[in-house]
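Visitor: Hi! Could you walk me through the ring contacts in this one?
Guide: Happy to. Here it is.
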Amino acid sequence: MVNLVAMKLMDARQFDLALQLLRAAQPNHPGDFWINQNLGPVYYLLPDRRLDESVRFFTAALASWETGAAYLNLGAALFDLQRYAEAEQAFRAALRLQPDYAQAHSCLAETLTAFSHHI
């Protein structure tokens, strides 16, 4: 139920409220995939983006359940932190789980391009 309310709050762009709700629930359910997976985008979407926190919670979500979407989200946060090698690994992990995941292919291509220009 917490996750459904948090997702509705995020849809309404009420990121601070979603963060408060999820942070209150997370200590009682530290291994809950959906709480951690929803904390990731909340930190990512806050006006003062906290990408390191986003990475932390996407990683925590993946510890309990590996999904292509979770790896894609992790990769996006790592990309924005300009941690291109790690982003590449995340996008490749998404593709191992879902070889036809078009968005992961696109993000991987963008990451490889950025990485080649960054070197």
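Guide: A word on terms: buried means under 20% relative accessible area, exposed over 50%, and partly exposed in between (1.4 Å probe, protein chains only). This is a predicted model, where local features need pLDDT of at least 70, side-chain atom pairs count only at pLDDT 80 or more, and totals for chains, interfaces and linings use all residues. Residues are numbered from 1 along each chain as its sequence is written, and side-chain values use heavy atoms, with hydrogens and water left out.

Visitor: Is tryptophan 65 buried, exposed or partly exposed?
Guide: Tryptophan 65 is partly exposed, at 45% relative accessibility.

Visitor: And how many aromatic pairs does the search find?
Guide: Five, over the whole structure. Rings of Phe, Tyr and Trp (its six-membered ring) pair if their centres lie within 6.5 Å; planes under 30 degrees apart are stacked, over 60 edge-to-face, and the rest tilted.

Visitor: Why is the pair of phenylalanine 33 and tryptophan 34 edge-to-face?
Guide: Because their planes stand at 85 degrees, with the ring centres 4.8 Å apart. Phenylalanine 33 is buried at 9% relative accessible area, while tryptophan 34 is partly exposed at 42%.

Visitor: What about tryptophan 34 and tryptophan 65?
Guide: Their centres are 6.1 Å apart and their planes at 80 degrees, so this pair is edge-to-face. Phe33, Trp34 and Trp65 form one aromatic cluster.

Visitor: New topic: which charged end sits over the ring of tyrosine 44?
Guide: That of arginine 49, 4.4 Å from the ring centre. The cut-offs are NZ of Lys or CZ of Arg within 6 Å of the ring centre and within 35 degrees of the ring normal.
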